[in-house]
Amino acid sequence: MIKFRKADKKDLKKCTELLADSFWGYEYFEPFVKNEKRRYRFEHAIQEVNVKAYYDKTAMLIAEENGEIIAVAQLKSPEDKDACFWDYIKAGGLKVIATGGIKNTFSWLDMFDKTGKVCHDYKEPHWYLSSLAVSLKVKGRGIGSRMLRDCIIPYISLHGGGLLMLITNSEKNRDFYKKNGFEEFSGEMMEFNGYKMGNWGYRMEIDDSLYGAVAV
C-alpha cells in the first residue's frame, strides 16, 4: 500500500538520493561537466543543497511503500519565500562549486534562472512544482501520476486551491503532464554551453473542493 506524507528531516538523505538517481541523464544537467562521474557528483550536490535549503520553506511530499520512499515532490505555495544566498551556503552550497567548478556552477545557476523565468515572472499568485521524481525501482507503475492525482493536487485543494505551474525540459515529460490534465502554455528552445534544450511551461487550475484527498 502506498502512503503519502510530508517528509521529515530524517528523510532528506533518501530524498536526495532518489532525486539524484531519477534525474540522472535529464536534459537539465547535460550541458555541464563532461566527465560522467564528476557530473553525477555535481548533480547530486545540487539536489542535496536544494533539498536542505528548501525543506523549511516549501512542502516536500513523499510517497512511501513498505517503508521505502518511492517518489518525491517539492511544492512551493504562493506564500512560500525563495531561499536566499545564506540558505544555500548553510545547506552546503560550497560543495556544488567544489564538485562542478565555479564556471559550471554559475552557468547552471544562469540556466536555472532562465528556464524558470516563464513561471517565476508570472504576476498572479501560484503554486510551483519545482520537482517530481519517481524511484527507478518503480518506474512504469504509474507512480508519478498517482503522486499528482492522490497527493499533490489534493494537497493544493486542501490548502485553498489555485494555479499550479511547472516547467520541464524533457519531451517525454511533456506527454506525461498532458496526459495528467496540464495545459502547455509556453515552449521555446534554449542553448547553454552549445547544448540545445527545450523548455516548456505547464499549468493547471485546482479548486478548493476536496476530492479523493489524503492527509499529508
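In which sense do β2 and β3 pair, and over how many bridges?

Author: The model is predicted, so local features need pLDDT of at least 70 and side-chain atom pairs count only at pLDDT 80 or more, while totals for chains, interfaces and linings use all residues. Residues are numbered from 1 along each chain as its sequence is written, and side-chain values use heavy atoms, with hydrogens and water left out.

β2 and β3 pair in the antiparallel sense over seven bridges; two strands pair if DSSP finds at least two bridges between them. Strands here are DSSP runs (E, at least two residues), and helices are runs of H or I of at least four, numbered from the N terminus. Ala63 stands opposite Ala71 in β3. The two strands form a hairpin with two residues between them, and Asn66 in the turn has a positive phi of about 55°.

β3 also pairs with strand β4 (residues 127-134), again in the antiparallel sense, over six bridges. There, Lys76 has Tyr128 of β4 as its bridge partner.

Eight of the nine residues of β3 are buried, where buried means under 20% relative accessible area, exposed over 50% and partly exposed in between, with a 1.4 Å probe and protein chains only. The largest nonpolar core has 32 residues, and Met60 and Val72 are among those that touch the most other members. Such a core is a set of buried Ala, Val, Leu, Ile, Met, Phe, Trp, Tyr and Cys residues joined through side-chain atoms within 4.5 Å. β2 (59-65) and β3 (68-76) are among the elements that give two or more residues to this core, while α2 gives the most, with seven residues.
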